[in-house]
Amino acid sequence: MSKTAFLFAGQGAQYVGMGKDLYENSAKCREIFDKASASSGLDLKKICFEGPAEDLNTTENTQPAVVTVTLALLELVKEAGIKPDVVAGLSLGEYSALTAAGVFDVETVTALVRKRGRYMQEAVPVGVGKMAALLGGKPENVEALCKEASSEGYIAAANFNCPGQIVVGGEAAAVDKAMSMTKEFGILKAVSLPVSAPFHTKMLEPASVKLAAELENISLGKPQLPVICNINGDYLREDADIKDILRKQVMNSVLWEQTVRKMIEDGVDTFIEIGPGATLTGFVKKIDRTVSTYHVENLETLEQLKEQLG
């Protein structure tokens with residue numbers, strides 16, 4: 001039996017202008033933007049539609065902005081009668097996935113991810129940490145490279161995105177050393193990422209502690225859909241684990257390839273990425289070319305999806 005997964009984008013997918021057509025054409029989307037702006041204390045219409053890019057790219061603005069646009073799109077996908085059998089999101093996208101499953105409402109999640117963004121930004125002063133995508137290498141090569149580069153400071157694998165793409169993060173000097181030695185370890189290329197901190201590494205532990213304290217004040221809904229988690233690439237087993245999973249997620253590796261493989265193993269053959277950009281669709285194609293992939297980021301792509309799914 002055919003199964004459908006909804007995937008939700010993380011930070012880095014944002015662009016100025018995202019969500020504007022949704023707001024202008026749907027009362028439901030306007031309501032989501034207005035609720036999210038009130039709860040996060042940000043003018044999300046201005047940040048998303050007008051920018052400037054440096055405002056949108058500030059982590060504590062990016063996170064609620066991406067989640068708001070994603071949830072507005074999700075509303076339209078649901079209105080079209082398209083339903084998932086399972087959900088997952090990359091990093092920040094895990095919050096959208098949990099909201100899709102009924103764990104958070106719009107107001108709670110957007111206020112929470114703004115704080116998460118701020119805590120992540122504060123955890124490591126700008127310039128101290130760095131992230132880089134390593135292309136064309138195997139996990140064991142990346143591990144060996146990190147071990148060698150750790151002579152310059154802390155470095156670890158942060159995201160296992162798809163075959164041939166692993167992101168590392170850590171202290172800037174160690175990441176720079178790793179980038180200069182890729183060829184020796186059978187890695188084709190290293191690309192420096194434009195992020196303000198080494199996310200999903202133990203350097204983010206201060207953010208994890210603050211986030212845990214924030215989560216203590218929040219009551220969660222019971223998940224109405226299966227959710228696959230970043231930290232272990234497996235299903236959320238116990239509702240009581242959600243807060244602990246989100247606490248760990250901020251400083252643990254994201255096992256995205258494992259997440260997608262788990263879904264395919266369980267019969268998912270249709271993946272719909274909801275949110276700005278199509279990064280996750282690209283990862284899925286690299287993991288398994290035989291599955292069907294779609295992405296929805298505006299009204300035009302929504303119409304295409306409706307036609308394709310007929």
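The following questions and answers concern a predicted model of one chain.

User: How many helices and strands does the secondary structure of the chain come to?
Analyst: The count covers the secondary structure of the chain. The totals are 14 helices and eight strands.

User: Why is the chain as compact as a globular protein of that length?
Analyst: The globule rule gives 19 Å for 310 residues. The radius of gyration of the chain is close to that value, so the chain is as compact as a globular protein of that length. The radius of gyration is 19 Å.

User: What share of the contacts with a separation of 6 or more comes from residues 24 or more positions apart?
Analyst: A contact here means heavy atoms within 4.5 Å. Among contacts in the chain with a separation of 6 or more, residues 24 or more positions apart account for 75%.

User: Is S91 buried or exposed?
Analyst: S91 sits in the loop between β2 (86–89) and α6 (93–100). S91 is not a glycine, yet its phi is positive, about 60 degrees. Buried means under 20% relative accessible area. At 12% relative accessibility, S91 is therefore buried.

User: Where is H200?
Analyst: H200 is a residue other than glycine with a positive phi near 60 degrees. At 3% relative accessibility, H200 counts as buried. Its place is the loop between β6 (189–192) and α10 (205–216).

Note on methods: Residues numbered from 1 in each chain as written. Predicted model: local features only at pLDDT ≥ 70, side-chain atom pairs only at ≥ 80, totals over all residues. Heavy atoms only, no water. Helix = DSSP H or I, 4+ residues; strand = E, 2+ residues; numbered from the N terminus. Rg over C-alpha atoms; globule rule 2.2 N^0.38 Å. Buried < 20%, exposed > 50% of the residue type's maximum accessible area, 1.4 Å probe, protein only.
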